[in-house]
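Let's take a friendly tour of a protein model, one topic at a time. Have the sequence and the 3D view ready as you read.

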Amino acid sequence: MKQMWIRVWCGIVLAVILGGTAAQAAVELNMYYPVAVGGPITKVIDDMIAEFEKANPGIKVKAVYAGNYDDTRVKALAAIKANQPVQLSVLFSIDLFELMDQDAIVPFDEVATSAEDKQWLSSFYPSLMQNSKAKGKIWGVPFQRSTIVMYYNKDAFKEAGLDPNKPPATWKEMAEMAQKLTKKDASGNVTRWGVQIPSTGYPYWMFQALCIQNGLELMNQDGNQTYFDKPEVVEALQYWRDLAAKYKVMPEGTVDWGTLRQKFLEGATAIMWHTTGNLTAVREGAKFDFGVSMLPASKRRGSPTGGGNFYIFKKATAEERQASLKFIKFMTSPELSARWSMATGYVATSPAAYKTATLEKYVADFPAAAVARDQFQYSVAELAVHENARVKKLLDDAIQSVLTGAKPPKDALGAAQQQAERVLKPYR
Amino acid sequence: MRLNHKTARWVNAWLLLMPAAVLMVAFTHFPIVGGFFASFFSTARQGRPSKFVGLDNYAYMMNDSVFWQVLGNNFLYALGTIPLSVCLALLMAVWVNGRLFGRAVVRTAYFTPTILPMIAVANIWLFFYTPQIGLLDKIRGIFGLASHSWLGDPGTALACLMVLAVWKDAGFFMIFYLAALQGISPELEEAAVIEGAGRWYFFRQVTLPLLMPTTLFVVVNATINSFKLVDHIFILTKGGPDNASSLLLYYIYEVAFSFWDTAYASTLTVVLLAILGGLAVTQFAYLEKRVHYQ
């Protein structure tokens, strides 16, 4: 009898312990995310996550800001290799092949299986999905996505006698207008440059825009062949170099990605090319009238898409994958996407987001917010190949060696192509 | 059974050494050996497992122009930072060792760069160097000089990193010299004054030799720092433009964690270790002879 009571008590205690732990066993998700632009981005993300956690008490999300895109990839992959729990991340859209090569991610087709999920997957702009598809599957979901746009100082345009509502539409116009916009002081030193295109951080991205405009993409769809030494590419790099060397409208040497926005805001350059993700920060910081337009054309208009996608990692358990999916669906819903776009300047990722009342009104008041979206019709996928980091670096080095005047475009790009061949051959 | 006295002492000694030895083997020696072996294998990729490739990685390295460039950069960087930061440290130490109004403030000021985190400091210097709107160009502007892309010009990018490193390290080394200077007995100076030795003569013939142990320590540390500290590169230049400001360790980081080519990164690490080992041995062998320990 006594023994039976002991058993009963033991059973109760056990049940309480187990029950207690079950109630606490919320799914915990860890994610890394990058910030590549100015403004209080981390705060925006934290607020969105707090909202999600409130609506989904069973899921906890810990978001870790991990630096720029490259830093974040490095940290996420290192965490995975060290068996630390990280279930999802916002990483470069172009890291797709690299992440596949490392066997790190699962395709969304395996996680998002219901009819509703499938519909959600097809709700994004097709041009943003180009960097998500490989081997017939969808591996990434667009989140902080951008294109390159041209910011220009309307006051400077007026001062130089140019029409502030007519930004340059072609390469030739840009070089000519920039010459008028470049201002020198009495001793001949430049106080305001005509145009600046950043060449650190993501030089290949800016360069890809020039190449698309000149009529050629830099790589094939399978990500195992590059075209760095084609004449169109050489010509594009020559134009970029000429802006400094021939037209004298851009400073010699490389132009820093991170500080360029500040230079634009202080009137040190009349035009800058930058990600649309900077739009809100520019709007808040500009003490002058500024405009935003699509990039100019050589043979055609064009900009690569850019920015980060959500990925789900293979190491996540089935339960964690579902929780991740829920979170990603929340973050990419039209309302949140609209809010994110207004807070940063990144494009909202679905047509539905632009139909939300808030964003519709915002765009009506501030038409610049729609430029990046309107540029989608000309945009193509960003450079993405196998061993992307390595190949990208070859191109970055070539670009910088030309912009600093160390090598002529043909030699630098020829060497980069040769080395890229060696890296990519095993993937054919 | 009782252990005899000698064995007991021997066991005792090893037990005392054990904790440190285990940590050293686990986190220093084992990785070194592991890295050495990894340098003879290829990096595994999806569908291509790692295999023994002999000296292929080393052959690749000999043909890798970036490797030679960063190696050259690193020696330039060492030559540019070590003598300058050590001399400055000595100068500052002698200066704040003397009787001087506001000595504590000056000492603190010299030491401040050392206590600031490198990443924070690099972010501040980034805005010093920024063309047109940066501090440096603003000052140059006063004198009517044109703005210059300091970090964007391969000719100045590395020098910019060196200036930052000297600024950061000199205060740290100053502390060691200051401690050593205060350890020098004032009787020596009194004796020298009586003998009629000038201040410069006294400094050269007495102070400097007595500081040699400190100098050895500081130089060894400065050398290691010049190969080991690359934090500021991440913020200031990312090694650019076109690798002009990349150092060996930064390149290793890129190869290992950006390209995930761990085998080649191991190969480069072996070279870095060989260089550092070689330098340490030479320094101790050569300078040790000239060092006078009291």
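**The nonpolar core**

The largest nonpolar core holds 179 residues, and A:Val195 and B:Ala89 have the most contacts inside it. A nonpolar core here is a set of buried Ala, Val, Leu, Ile, Met, Phe, Trp, Tyr and Cys residues joined through C-beta atoms within 7 Å. Buried means that 20 or more other C-beta atoms lie within 10 Å of a residue's own, with C-beta atoms placed from the backbone.

This is a predicted model, where local features need pLDDT of at least 70 and side-chain atom pairs count only at pLDDT 80 or more, while totals for chains, interfaces and linings use all residues. Residues are numbered from 1 along each chain as its sequence is written, and chains are lettered from A and ligands numbered from 1 in the order in which they are written.

**More on the core**

- The largest nonpolar core gets its biggest contribution, 14 residues, from helix H7 (residues 157-183) of chain B. Helices are DSSP runs of H or I with at least four residues, strands are runs of E with at least two, and both are numbered from the N terminus.
- At least three residues of this core come from each of domain 1 (7-145 + 307-364) and domain 2 (147-305 + 381-427) of chain A; domain bounds come from an automatic or database domain assignment.
- Beyond four places in sequence, the residues that A:Val195 touches include A:Met174, A:Leu243 and A:Ile271. Two residues are in contact if their C-beta atoms, placed from the backbone, lie within 7 Å.

**Two domains in chain A**

- The C-alpha centres of domain 1 and domain 2 of chain A are 31 Å apart.
- Their contact takes 25 residues from domain 1 of chain A and 20 residues from domain 2 of chain A.
- On the domain 1 side of this contact, H4(A) gives the largest share, four residues.

**A buried glycine**

- A:Gly277 sits in the loop between strand S10 (269-275) and helix H13 (279-285) of chain A.
- A:Gly277 counts as buried because 27 other C-beta atoms lie within 10 Å.
- Among the contacts of A:Gly277 beyond four places in sequence are A:Ala36, A:Gln144 and A:Tyr346.

**Where the chains meet**

- In total, 30 residues of chain A are in contact with 25 residues of chain B.
- On the chain A side, H19(A) supplies the largest share, five residues.

How values were computed. A residue is buried if 20 or more other C-beta atoms lie within 10 Å of its own, exposed if 12 or fewer, and partly exposed in between; C-beta atoms are placed from the backbone.
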